[in-house]
Amino acid sequence: MLMIAEHFRKLVGSSPEVGARAPGRVNLIGEHTDYNDGFVLPAAIDRYIEFAGRRRADRRVRVYALDFQDQAEFSLDALEKDAAHAWSNYLRGVSKLLEVDGHRLTGADIVFGGDVPREAGLSSSAAVEVAAATFWKKLLKLELDPVYVIKLARKAENEFVGVPCGIMDQFISALGRQDHALFLDCRDLVYRHVPLRDTVKIVVCNSGVKRALAQSEYEVRLKQCRQAVAQIASTGLAVKSLRDVELADLETARPALNEILLRRARHIVTENQRTLEAVKVLSEGDLERFGELMYASHESLRDDYEVSSKELDTLVELARKQPGVLGARMTGAGFGGCTVNLVLADAAEAFVKNVRRGYQGALGLEGEIYVCRASDGALAA
Ligand code: GLA
């Protein structure tokens, strides 16, 4: 357990005024759909980024990152990106956007850290952004609506840090609910919490492979989705995003679509369908069907969207052979990172042992495995 207040006292020499924390996330289904106005079903996990801090009398922010054993300092009047302390850019970005929106911040001493694995596809960056915004909200008693915070956190990542992500990660980190998944329509941001049964566990397998290609390939997919929409629209179909496309439309538009764009679009179209069905069967308690949809999602990400990897495929195949496993798939952007597995509670312990051993045997790699509990987001009511 991270004793953030203790660390603060040691590093700063006084007690923090406030603490704030935001969880990482795992996505159960609905992958690469968020930036296509589609549907997602993530859950916040019980791993957090925690902030502690207190006001200063000036406009300087002094921030210490426990996980990097590093410190940075900046002025709220000159908020720029800092390549030498890249970890501080999430806080800088969030602070800058709050100021731009007219929220006058004060200087602060801040310490932050946590146990969300980094570069593992579990949204540690979104957790830092949401925790930072929540920290300012609490420290300065700002009236900030959760959806405002979510959009601001995403904007910080897109425009300040420069990573073109969708809205899923910030959304779930802010508005996750304990023992629930969150069904989100990324077009109008209407959402609903869906209860998870305690007979199953969400088990996350970390391939240990950092997502080296994730950002550049993510940008390629984003562009391909836009191109596919333009080509489909050029056939006279009224579509604004792949969210508006049906499988039959892909047939109609086929002559206008090149092979790669067809496959990319097919993933998004079928993934939206799977996510809608997954929410329905989860609400009905049909976890077997839910698991089948997870496997189908993985295959589509592997074959049509081409964002999986040998390690992720190996983890999914290993999972499939274990007793008590309902479904498994890669989760997050892909190209490394994690798989998510739905495992009967009483089979979870054996699953962890067997998959770890099997992964080591198959690829000689040490995978970390986390049995997670869906948890409250930073701004959960
Ligand atoms: C990353 C992005 C999200 C989403 C997923 C893929 O996690 O940050 O917005 O696009 O990839 O589903």
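**Reading helix pairs, cysteines and loops**

Guide: This is a predicted model. Start with two helices, α9 (residues 287–303) and α10 (residues 310–320): their axes come within 12 Å and cross at roughly 155 degrees.

Visitor: How is a pair of packed helices described?

Guide: Two packed helices are described by the angle between their axes and the distance between the axes.

Visitor: Which orientation do α9 and α10 have to each other?

Guide: Angles over 145 degrees count as roughly antiparallel. α9 and α10 are therefore roughly antiparallel to each other. The crossing of α9 past α10 is left-handed.

Visitor: Which residues of α9 and α10 meet?

Guide: From α9, they are Tyr295, His298, Glu299 and Arg302. They meet Leu312, Asp313, Val316, Ala319 and Arg320 in α10. By type, this contact of α9 with α10 has four nonpolar residues, one polar and four charged.

Visitor: Now α3 and α4. At what angle do they pack, and how far apart are their axes?

Guide: Helix α3 covers residues 124–139 and helix α4 residues 146–161. They pack at an angle of about 125 degrees, with their axes 9 Å apart. α3 and α4 are therefore oblique to each other. Their crossing is right-handed.

Visitor: Which residues of α3 and α4 make the contact?

Guide: α3 supplies Ser125, Ala126, Glu129, Val130 and Ala133. α4 supplies Val149, Ala153 and Glu157. The residues of this contact of α3 with α4 divide into five nonpolar, one polar and two charged.

Visitor: Next, cysteines. How many disulfides does a search of the whole structure find?

Guide: The cut-off is simple: a disulfide needs a pair of cysteine sulfur atoms within 2.5 Å. Searching the whole structure gives zero disulfides. Take cysteine 186, which is in no disulfide. The nearest cysteine sulfur to it belongs to cysteine 165, 11 Å away.

Visitor: Are cysteine 186 and cysteine 225 buried or exposed?

Guide: Buried means under 20% relative accessible area. Cysteine 186 has 8% relative accessibility, so it counts as buried. Cysteine 225 is buried too, at 2%.

Visitor: What phi does glutamate 306 have, and where does it lie?

Guide: Glutamate 306 has a positive phi of about 55 degrees, although it is not a glycine. Its place is the loop between α9 and α10. That returns us to the opening helix pair. Glutamate 306 has 34% relative accessibility and so counts as partly exposed.

Visitor: What does threonine 106 touch beyond residues up to four places away in sequence?

Guide: Threonine 106 touches Arg55, Arg56, Asp58, Leu76, Trp136, Leu139 and Leu140. For a separate distance, take serine 75, 31 residues from threonine 106 along the chain. Their C-alpha atoms are separated by 9.9 Å.

Technical notes. Residues numbered from 1 in each chain as written. Predicted model: local features only at pLDDT ≥ 70, side-chain atom pairs only at ≥ 80, totals over all residues. Heavy atoms only, no water. Axes fitted to C-alpha atoms, helices over the stretch in contact; angles between N-to-C directions. Helix = DSSP H or I, 4+ residues; strand = E, 2+ residues; numbered from the N terminus. Parallel < 35°, antiparallel > 145°, perpendicular 65-115°, else oblique. Left-handed = near helix turned anticlockwise from the far one by under 90°. Contact = heavy atoms within 4.5 Å. Nonpolar A, V, L, I, M, F, W, Y, C, P; charged D, E, K, R; others polar. Buried < 20%, exposed > 50% of the residue type's maximum accessible area, 1.4 Å probe, protein only.
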